[in-house]
Amino acid sequence: MITLKDLAATLGVSVSTVSKALKDSPEISKDTIKRVKEIAKELNYRPNTLALSLKNRKTKTIGVIIPDILNTFFARILYGIEQESTALGYNIITCLSNEAFDKENNSLQLLANGSVDGFIMSLSEETQSKGEVKHLKETINQDIPIVMFDRVVNNVDCDKVIIDDFNAAFTATETLLKEGRKKIVLINSLGELNVGKLRILGYKKALEKHNTSQEDPIVINVDDDQVLLNDQLENIITDHSDMDGLLCIDNISGVMAVNIAQRLGRIVPKDLSVIGFSSNKMSHLSYPPLSTVAQYAEEIGQESVKMLVERLESKTKGNTKTVTINYSLELRGTTLPVSK
């Protein structure tokens with residue numbers, strides 16, 4: 001690898017002159033700058049970014065840890081992170097936890113050695129189920145800031161970007177109730193994740209507020225494996241023949257439920273109204289198109305980058321904040337028109 005010292009020896013000038021010339025310093029003549037850059041290009045000189053980062057104590061790189069790249073929600077958030085990072089002059093290094101605590105912890109340890117300036121992350125399912133936060137607090141105590149998004153924990157003092165999951169599910173359930181639906185079932189494939197718990201609470205609160213004839217909330221836990229999920233949804237729709245409302249709180253079960261219900265002879269939305277949590281791009285995968293709680297994933301990614309970069313460049317500590325990204329209820333073909 002060609003170094004600044006090698007360039008200086010080749011050109012017969014000082015290392016300081018070469019360094020300043022490569023940075024277009026006004027202290028160096030234009031002819032010298034041109035000559036230095038020509039030789040640097042000819043010798044294929046590349047600056048040692050690791051050495052520069054150690055010297056400047058800044059890498060201009062963000063570590064991103066996401067739990068599932070196959071989930072379109074996280075893929076869209078990652079897209080937003082990449083776009084905003086590029087706009088603000090930062091690079092990203094992305095790691096996947098695959099819902100495992102050990103992989104999440106290893107990624108933090110690997111990148112916290114000076115490779116990145118800070119982290120943007122959504123916690124793995126195993127981390128949340130264990131309630132394990134020591135690795136997060138240790139990273140923050142090393143003066144490496146973390147911004148959590150979507151899946152967060154309250155007992156870690158860091159910036160957070162979330163959706164109002166409780167009110168999103170409350171609004172969706174209330175919409176089904178205003179249609180006159182009498183038996184509304186909630187499908188949960190999010191296990192013990194905090195976002196799932198908040199959506200279940202919102203669903204239950206809406207039923208309680210409207211004092212419906214439905215005796216108890218019906219929450220049915222299902223697998224997130226699509227093969228198993230298909231069979232489970234078919235059994236649910238068959239077993240609950242009097243179900244006339246369905247709230248699916250993930251980004252795929254709603255689409256699958258609509259298609260399965262139609263195949264089993266249920267007319268959607270005449271017999272059964274369905275609302276999912278999904279992106280606009282997924283709604284057309286069912287027929288009729290799925291009504292959804294729209295989550296603005298790209299905006300979550302962009303806001304996460306802005307919060308981290310602001311903290312990095314202002315070098316502030318403490319005074320952490322939580323930003324709530326808006327949601328919208330987008331009614332399409334799987335729900336009936338409701339008079340306002």
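**Entry 1: N98**

I looked up N98 in this predicted model and found a relative accessible area of 45%. I then asked where N98 sits. N98 belongs to the loop that joins β2 (91–96) and α6 (101–111). I also noted its backbone: phi of N98 is near 50°, a positive value in a residue other than glycine.

**Entry 2: another positive phi**

I checked N44 as well, and its phi is near 60°, again positive in a residue other than glycine. N44 lies in the loop between α3 (30–42) and α4 (49–56). I wrote these residues down because most residues other than glycine have a negative phi, and most peptide bonds are trans.

**Entry 3: cis peptide bonds**

I turned to peptide bonds next. From V268 to P269 the bond is cis, with omega near 10°. I placed P269 in the loop between α12 and β9. The bond from Y287 to P288 is also cis, and its omega is near 0°. P288 is in the loop between α13 (280–283) and β10.

**Entry 4: the six-stranded sheet**

In what order do the strands of the open sheet of six run? I read the order as β7-β6-β8-β9-β10-β12, and the pairing is mixed. The edge strands are β7 (218–221) and β12 (327–330), each of which pairs on one side only. From one strand to the next, the twist averages 20°. I then looked for a helix against this sheet and found α10 (residues 194–210) packed on it. Helix α10 touches β6 (184–188), β7, β8 (245–248), β9 and β10. The direction of α10 makes about 175° with that of β6.

**Entry 5: strand β9 and its neighbours**

On the β10 side, β9 (residues 273–278) pairs with β10 (residues 291–295) in the parallel sense, over four bridges. I traced I275 to its bridge partner in β10, S291. G276 stands opposite T292 in β10. On the β8 side, the pairing of β8 and β9 is parallel too, over four bridges. There L247 stands opposite I275 in β9. I followed the chain from β8 through helix α12 (residues 253–263) to β9, and this β-α-β crossover is right-handed.

Is β9 covered or open on its faces? I found both faces covered: S273, I275 and F277 are buried on one side, and V274, G276 and S278 are buried on the other.

**Entry 6: salt bridges**

How many salt bridges does a search of the whole structure find? The search gives 18, and I followed up a few of them.

One of them joins E174 and K209, with the closest N and O atoms 3.4 Å apart. E174 is in helix α9 (residues 165–178) and K209 is in helix α10, so this pair ties together parts that are 35 residues apart in sequence. I checked how open each partner is. E174 has 13% relative accessibility, and buried means under 20%, so E174 counts as buried. K209 has a relative accessible area of 54%, so K209 counts as exposed.

I next took D242 and K183, whose side chains meet in a salt bridge at 2.8 Å, N to O. This pair links distant parts of the chain, 59 residues apart. D242 is in the loop between α11 (226–239) and β8, and K183 is in the loop between α9 and β6. With a relative accessible area of 17%, K183 is buried.

The last pair I opened was E310 and K321, a salt bridge of 3.9 Å, N to O. E310 lies in helix α14 (residues 297–314) and K321 in the loop between α14 and β11 (322–325), so the parts tied together are 11 residues apart in sequence. I found E310 partly exposed, with a relative accessible area of 47%. K321 is partly exposed as well, at 40% relative accessibility.

**Entry 7: aromatic rings**

Which residues form the aromatic cluster? I noted F73, F74 and F149, which form one cluster. A search of the whole structure finds two aromatic pairs.

How values were computed:
Residues are numbered from 1 along each chain as its sequence is written. This is a predicted model: local features need pLDDT of at least 70, side-chain atom pairs count only at pLDDT 80 or more; totals for chains, interfaces and linings use all residues. Side-chain values use heavy atoms; hydrogens and water are left out. Two strands pair if DSSP finds at least two bridges between them. Helices (H or I, at least four residues) and strands (E, at least two) are DSSP runs, numbered from the N terminus. Axes are lines fitted to C-alpha atoms, for helices over the stretch in contact, and angles run from 0 to 180 degrees between N-to-C directions. Contact means heavy atoms within 4.5 Å. Rings of Phe, Tyr and Trp (its six-membered ring) pair if their centres lie within 6.5 Å; planes under 30 degrees apart count as stacked, over 60 as edge-to-face and the rest as tilted. Buried means under 20% relative accessible area, exposed over 50%, partly exposed in between (1.4 Å probe, protein chains only). A crossover is right-handed if, with the strands pointing away from the viewer, the path from the first strand over the helix to the second runs clockwise. A salt bridge is a side-chain nitrogen of Lys or Arg within 4 Å of a carboxyl oxygen of Asp or Glu.
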